[in-house]
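Okay, everyone, thanks for coming. Let me put today's structure up on the screen, and then we'll walk through it together.

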Amino acid sequence: MTLVTAGGARDQRGGSHILVIDDDAHLADVVSRYLEREGYRVEVVGDGRTGLARALEALPDLVVLDLMLPGIDGLE
């Protein structure tokens with residue numbers, strides 16, 4: 001699996017930063033494991049409000065976003 005990010009290339013210090021926002025812990029775990037295996041740095045959060053806060057703080061290269069989230073949904 002290869003992902004193209006907005007930056008276009010992986011960060012040489014440990015891979016691009018990907019934020020996974022999903023309230024299904026099992027699904028988030030599967031997605032994060034695949035991404036980590038490909039060399040990406042992955043952060044997982046389980047709700048929309050926390051995800052928005054982390055995205056604004058850490059400025060990830062890519063966000064994998066569930067649409068049906070508690071708090072703030074993925075469409076908001």
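Among contacts in the protein chain with a separation of 6 or more, 64% are between residues 24 or more positions apart; contact here means heavy atoms within 4.5 Å. Keep in mind that this is a predicted model, where local features need pLDDT of at least 70 and side-chain atom pairs count only at pLDDT 80 or more, while totals for chains, interfaces and linings use all residues. Residues are numbered from 1 along each chain as its sequence is written, and side-chain values use heavy atoms, with hydrogens and water left out.

So what's the layout? The protein chain has two helices and three strands, and along the sequence they come as β-α-β-α-β. Those are DSSP runs numbered from the N terminus: helices are H or I with at least four residues, strands are E with at least two.

Of the 76 residues, 30% are buried. Buried means under 20% relative accessible area, exposed means over 50%, and partly exposed is in between, using a 1.4 Å probe and protein chains only.

Now look at helix α2, residues 48-58. Its buried residues are G48, G51 and A55. Seen down the axis of α2, they fall within an arc of 60°, so they line one face of the helix; the arc is taken from the directions from the helix axis to the C-beta atoms. And what do the buried residues of α2 pack against? That would be β1 (17-21) and β2 (41-45). On the face turned away from the buried side, you'll find the exposed residues R49, L56 and E57.

At its start, a side-chain oxygen of D47 comes to within 3.2 Å of the backbone nitrogen of R49. Following α2 there's L59, with a positive phi, near 45°.

Is H17 buried or exposed? H17 has 9% relative accessibility, so it counts as buried. Leaving out residues up to four places away in sequence, H17 touches R41, E43, A58, L59, P60, D61 and L62.

Last stop, L67, in the segment after β3 (62-65). L67 counts as partly exposed because its relative accessibility is 46%.

Key. Polar contact = N/O pair within 3.5 Å; in protein donor to acceptor, adjacent residues only side chain to side chain.
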